[in-house]
Amino acid sequence: MLAFTLRRAIQAIGVMIAVGVIAFSMFRFAGDPVNQIVSLDTPAAEREAVRKSLGLDDPVPVQFARYFANAAQFKFGVSYQFRQPVSNLLMERMPATLELAACATVLAMVFGILMGVYSALRRDTILTKFFQAVSLIGISLPTFLIGILLIYLFSVTLGWLPSFGRGEVVRIGWWTTGLLTLSGLKALIMPSITLGLFQMTLIMRLVRAEMLEVLRTDYIRFARARGLTTRAIHFGHALKNTLVPVITVAGLQFGSVIAFAIITETVFQWPGMGLLFVQAVQNVDIPIMAAYLLMVSLIFVTINLVVDILYTVVDPRLRSTIRRPA
Amino acid sequence: MTVPVLSVRNLEVEFLTRRSTLRAINGVSFDIAKGEVLGVVGESGAGKSVTGLAVIGLIDPPGRISGGEIYLSGTRIDHLPPEEIRRIRGKRIGMIFQDPLTSLNPLYRIGDQIVETIRTHLNLSETAARKRAIDLLAEVGIPAPDKRIDAYPHEFSGGMRQRVVIALAICAEPELIIADEPTTALDVSVQAQIISLIKRLGRDHGTAVMLVTHDMGVIAETSDRVAVMYSGRIAEIGPVQDVVQNPLHPYAKGLMGAIPTLAGEDKRLVQIPGSMPRLSAIPPGCPFNPRCAFVFDRCRVDRPEPLKHGSHAVACHLFDTAPHEAPKETAA
């Protein structure tokens, strides 16, 4: 088990190095960084001084090693547009994005699993048909459109919920949270729904399909032949077997929820990393873009690792195959 | 005579399909006494498994029991509400399925599955149920049951898993065990162990056993009586010795003739020409008539009922000595 975790961790580091190379090369392919820092009429001598002070005159491998060593300590350089360390900017924005992503995922998991189980067990009810219609909408409507529709309905027409921002936030250490104030919670509702709807429908469809599959298996038939209660069969035996693939998808989706929060954050002007990234793209602020790329990869790689380990917790069969790799 | 543990009377099972209604079981009747093993043989699709599932109330839609009666120790059980038949399943009727590799939930320890079943049916505490589970595992021949109880299904071999399945089937001391091809998925040496285990359990606890299989060897070894099924009907039923050595029904004859012997003659095995009709195309009269070597006119129009003939009951017009046939015979 430990060897397995270690092996996976080493693979993860490999992936991060590869991403680091890509992030680093962005600086070189997007033009000379010095040009973006200095103004048009800066004399050549001054340009050279800037170049030297940034270490841009060193050989490329040296620059890369330095970049990577810094990145490993979460130092991503200084943003061109804000003139602040990128890591500070990211740290400031991260709580907003993580809170939004977590809320969206919890929402998607809870309702996705409930709706999936219900529609698998009661196949022909009106509610099931309604759920399936909702899931079709969730799968096919683009995120920004859902966000805009929600804003139109609840902010513009009904005036119940704020259309943008995070509301009031409370600072706990370096973390800012909107979960403790009423306005913060209200501001969280619509972005969470917008962001989570796609994942929710995905999970619902997955749970439904898996559950129908599991209910046909021999061990469920045998569980019925043993006279177990329907409740024990559905929620004890069937649901647990259904959750193995759901964990994978939900885990990986959490990564994409963070990565693709960009659109939701833009629609709701949510002050998170996604919005920061969009602004960075508009202003060719490469240090932020590179750092964002690294952060998102780190999140994906970490989630992958956690999901792999979670498998073994749920499914005992994997524990022994891991112990004795074939 | 005492009341049989299981008594099935004119059982009919239908499956509703989009086009028509298919009758998978058509007028099946048999009894199983306490401590008796009834073997049920027949080709795939003859209705053996469906009969077993009907008894335990696990025929799922689109299938349904459309006629007949099933009695368990004298009480009618075929149209009980789902909750009541659920209480009987696992408690008064235990069931063993064909494939032990897929019968156990892979995510739970076997002990948890046994304890769960025990506590569903018997009013025992967690510790008492666990102790009983260990005893059961010992009884079905799992070595070191106090350690193995905490193992997962994948940590057992096929034969051991089938033992666990049997332990699960008998955990509430059922009156009847339905074993649906319990040895088909196992290799031959393990088959013999499992069969002797089922036999021993039946003897020790006085449990009636309905053993569904297509393996005549298993039947000859285990059963007291045997029922030969064909196209959803019983073709012949009788004591196992008599049916195996002296089958009457042409189909049973063909079936027994197809058993290879170790006697060493280099003969081709006899095979029955043709194959069993599909449920949607069962011929009128005797369902076996298109394949039967002794077919005569009456077989094509008149469906034979199982009639007593010595120790057997056989559904074949060849053995129908009822009076309405008599004048014909004297005339000829």
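## Basis

This is a predicted model, in which local features need pLDDT of at least 70, side-chain atom pairs count only at pLDDT 80 or more, and totals for chains, interfaces and linings use all residues. Residues are numbered from 1 along each chain as its sequence is written, while chains are lettered from A and ligands numbered from 1 in the order in which they are written.

Helices (H or I, at least four residues) and strands (E, at least two) are DSSP runs numbered from the N terminus.

## Helices 7 and 8 of chain B

The axes of helix 7 (residues 158–169) of chain B and helix 8 (residues 188–205) of chain B come within 10 Å, crossing at roughly 15°. Helix 7 of chain B is therefore roughly parallel to helix 8 of chain B (angles under 35 degrees count as roughly parallel, over 145 as roughly antiparallel, 65 to 115 as roughly perpendicular and the rest as oblique). Axes are lines fitted to C-alpha atoms, for helices over the stretch in contact, and angles run from 0 to 180 degrees between N-to-C directions.

On the helix 7 side of chain B, G158(B), G159(B), Q162(B), R163(B) and I166(B) meet V190(B), Q193(B), I194(B), L197(B) and I198(B) of helix 8 of chain B. Contact requires C-beta atoms, placed from the backbone, within 7 Å.

## Helices 4 and 5 of chain B

Helix 4 (residues 110–121) of chain B packs against helix 5 (residues 126–139) of chain B at an angle of about 115°, with axes 9 Å apart. Residues of helix 4 of chain B in this contact include I114(B) and I118(B), and those of helix 5 of chain B include A129(B) and L136(B).

## F24 of chain A

F24(A) belongs to helix 1 (residues 2–29) of chain A. With 19 other C-beta atoms within 10 Å, F24(A) is partly exposed (20 or more make a residue buried, 12 or fewer exposed, and partly exposed lies in between). Beyond neighbours within four places in sequence, F24(A) is in contact with F64(A) and Y67(A).

## Strand 10 of chain B

Six of the seven residues of strand 10 (residues 233–239) of chain B are buried, so this strand is largely enclosed by the rest of the structure. Strand 9 (residues 225–230) of chain B pairs with strand 10 of chain B in the antiparallel sense over six bridges, where pairing takes at least two DSSP bridges. V226(B) has G238(B) as its bridge partner in strand 10 of chain B.

Strand 12 (residues 312–314) of chain B is joined to strand 10 of chain B by two bridges and runs antiparallel to it. There, E236(B) stands opposite V314(B).

How values were computed. Contact = placed C-beta atoms within 7 Å.
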